[in-house]
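Have a look at the structure first, then read on.

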Amino acid sequence: VVNNADAMFLHDTDSIKRSLIRQLNNPLLWEDSVRVIADSGIDTFVEVGPGRVLSGLIRRIEPSVKVFNVEDVKSLENTLSSIK
């Protein structure tokens with residue numbers, strides 16, 4: 001999990017819980033979080049849910065990554081066939 005409060009990877013349940021609470025009252029570091037993920041070598045993002053707002057933001061922040069959106073069965077099937 002990469003938290004948006006500190007833009008860093010978290011690996012244990014307690015730190016994830018504390019991070020979720022901090023995100024309620026602190027500015028979010030969305031852009032930094034996306035860069036941390038991409039800099040770690042992850043090159044594929046999947047936005048789950050209706051709309052494509054986050055997908056568009058990710059593409060602007062890190063144009064080299066692949067971004068998929070899953071909002072229904074058809075888009076899930078397309079995503080799964082593309083990332084195999």
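Does R52 count as buried or exposed? At 52% relative accessibility, R52 counts as exposed, since the cut-off for that label is over 50%. Keep in mind that this is a predicted model. The chain has four helices and four strands, and 32% of its 84 residues count as buried.

**Overall layout**

- Starting at the N terminus, the elements come in the order β-β-α-α-β-α-β-α.
- The C-alpha trace spans about 35 × 25 × 20 Å along its principal axes.

**Salt bridges**

- Side chains of opposite charge can pair when their charged atoms come close.
- How many salt bridges turn up in a search of the whole structure? The search finds four, and three of them are described here, starting with D6 and R22.
- D6 and R22 have their closest N and O atoms 2.1 Å apart. This pair links distant parts of the chain, with D6 in the loop between β1 (2–3) and β2 (8–9) and R22 in helix α1 (residues 13–25), 16 residues apart.
- Both partners are partly exposed: D6 has 34% relative accessibility, and R22 has a relative accessible area of 30%.
- K66 and D43 also meet through their side chains, at 3.6 Å from N to O. Here, too, distant parts of the chain are linked: K66 belongs to strand β4, D43 to the loop between α2 and β3, and 23 residues separate them.
- K66 is partly exposed, with a relative accessible area of 42%; D43 gets the label partly exposed at 39%.
- E71 and R52 form a salt bridge at 3.9 Å, N to O. E71 sits in the loop between β4 and α4 and R52 in the loop between β3 and α3, so the pair ties together parts that are 19 residues apart in sequence.
- What about the exposure of E71? E71 is partly exposed, at a relative accessible area of 40%, whereas R52 counts as exposed.

**The largest pocket**

- The largest pocket comes out at a volume of about 210 Å³. It is lined by 14 residues, and W30, I37, F45, V46 and I58 are the closest to its centre.
- Which elements each supply at least two residues of the lining? They are α2 (30–39), β3 (44–48) and α3 (53–61).
- Strand β3 gives the largest share of the lining, five residues.
- By type, the lining divides into ten nonpolar residues, three polar and one charged.
- V46, one of the residues closest to the pocket centre, is found in strand β3. V46 is partly exposed, because its relative accessible area is 39%.

- L76, L80 and I83 make a nonpolar surface patch of about 240 Å².
- I83 belongs to helix α4 (residues 73–83) and is partly exposed, with a relative accessible area of 43%.

- Most residues other than glycine have a negative phi.
- Which residue has a positive phi although it is not a glycine? A7 does, at about 55 degrees.
- A7 lies in the loop between β1 and β2, the loop that also holds D6. A7 is buried, with a relative accessible area of 11%, while D6 counts as partly exposed at 34%.
- S64 sits in the loop between α3 and β4 (66–70). S64 is exposed because its relative accessible area is 66%, and the cut-off is over 50%.

How values were computed: Residues are numbered from 1 along each chain as its sequence is written. This is a predicted model: local features need pLDDT of at least 70, side-chain atom pairs count only at pLDDT 80 or more; totals for chains, interfaces and linings use all residues. Side-chain values use heavy atoms; hydrogens and water are left out. Patches are made of residues with over 30% relative accessible area and no salt bridge: like charges are joined within 9 Å, nonpolar side chains (Val, Leu, Ile, Met, Phe, Trp, Tyr) within 5 Å. Accessible areas come from the Shrake-Rupley method with a 1.4 Å probe; for residues, only the protein chains shown count as cover. Buried means under 20% relative accessible area, exposed over 50%, partly exposed in between (1.4 Å probe, protein chains only). On a 1 Å grid over the protein atoms alone, a cavity is a set of points where a 1.4 Å probe fits but cannot get out, and a pocket is an open set with protein on both sides within 12 Å along at least five of seven lines; lining residues have an atom within 4 Å of a point. Grid points are joined across faces, edges and corners, and a volume is the space filled by probe spheres set on the points. Ala, Val, Leu, Ile, Met, Phe, Trp, Tyr, Cys and Pro count as nonpolar, Asp, Glu, Lys and Arg as charged, and the others, Gly among them, as polar.
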